[in-house]
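Thanks for sending this one over. Here are my notes, point by point, to read alongside the coordinates.

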Amino acid sequence: MRARKRLTRQESKEVTRLRLVEAAERLFIRKGFDGASVEEISEMAGYSRGAFYSNFADKEQVFLAVIDHRRPKALDGIFQEVSEPAGRIAAVREWFSIQWRLKDFVALRIEFTRRAMRDRSVRKHLGGLRRQELETYAASLGRVLGATDGVPADRRETVALVLLAVAHGLGSLAIDTEPEWEQMYTEAAKLAFDRMTASEISHLG
């Protein structure tokens, strides 16, 4: 049996940080930002308060790390698995159509946004992460639509911004709604995707 590779100091620190972020996300969704304590986050992750504070200054910082962790990395898998342009478009459309289902996380973002309105430093950090999120979506759209040739970068960002607004808006509407509405939310997301990408898709054709 092969000996398990010993983690470097940096790798061990990254594992600790990731576990703290994942524990914080679960607790924030379950109990809300104010309801979750640093002690509970540390305990759920399997570490001490000292380990928490060696990675994060406070709960606001770990929350920002949660948001950063939830950026749309899933799109990378689509690009690796699907190479044909039409197939990529269909796969990303399907992926986007269910992003509203992350309604627990949407509710948490709404709560933290209210907090950011009262705290300038939190607002600044949150604004920076939202900019990164927008840039990630815009870059992904550029890849899936072949927009590196003929479609300006600002157009990609505008389309990405609208799609982000749709996903977050549908998620907030779905927080407290009837189950029979769920298919309508999915169809609404697909409609928004089709309308916002129509000119780029026709450009590819």
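1. Glu133 is a buried residue, with a relative accessible area of 9%. Its salt-bridge partner is Arg109, with the closest N and O atoms 3.3 Å apart. Arg109 is buried as well, at a relative accessible area of 9%. With Glu133 in helix 8 and Arg109 in helix 7, this pair links parts of the chain 24 residues apart. Please keep in mind throughout that the model is predicted.

2. Glu157 belongs to helix 9 (residues 153–174) and Arg131 to helix 8, so parts 26 residues apart in sequence are tied together. Here Glu157 is partly exposed at 27% relative accessibility, and Arg131 is partly exposed with a relative accessible area of 39%.

3. Glu60 counts as buried because its relative accessible area, 16%, falls under 20%; Arg115, at 24%, is partly exposed. The structure holds 10 salt bridges.

4. Turning to the nonpolar side chains, the largest core has 26 residues, and those touching the most other members are Phe28, Ile41, Phe52, Phe56, Val62, Phe63 and Phe112. At least two residues of this core come from each of helix 1 (9–31), helix 2 (38–45), helix 4 (59–69), helix 7 (103–118) and helix 8 (120–145). A separate, second core of 25 residues has Trp100, Tyr137, Ala138 and Val159 among its members.

5. Leaving aside residues up to four places away in sequence, Val62 touches Leu20, Val21, Ala24, Phe28, Ile41, Phe52 and Phe56.

6. On the overall fold, the chain has 10 helices and 0 strands. Of its 205 residues, 37% count as buried. Among contacts between residues at least 6 apart in sequence, 68% join residues at least 24 apart. The chain exposes about 12,200 Å², with carbon and sulfur atoms supplying 52% of that area.

7. Finally, a word on confidence. The chain averages a pLDDT of 83, and 88% of the residues score at least 70. Among the elements, helix 2 has the highest mean pLDDT (96) and helix 5 (residues 74–81) the lowest (75).

Terms used: Residues numbered from 1 in each chain as written. Predicted model: local features only at pLDDT ≥ 70, side-chain atom pairs only at ≥ 80, totals over all residues. Heavy atoms only, no water. Core = buried A, V, L, I, M, F, W, Y, C linked by side-chain atoms within 4.5 Å. Buried < 20%, exposed > 50% of the residue type's maximum accessible area, 1.4 Å probe, protein only. Helix = DSSP H or I, 4+ residues; strand = E, 2+ residues; numbered from the N terminus. Contact = heavy atoms within 4.5 Å. Areas by Shrake-Rupley, 256 points an atom, 1.4 Å probe, with all protein chains shown as cover. pLDDT = per-residue confidence, 0-100. Salt bridge = Lys/Arg side-chain N within 4 Å of Asp/Glu carboxyl O.
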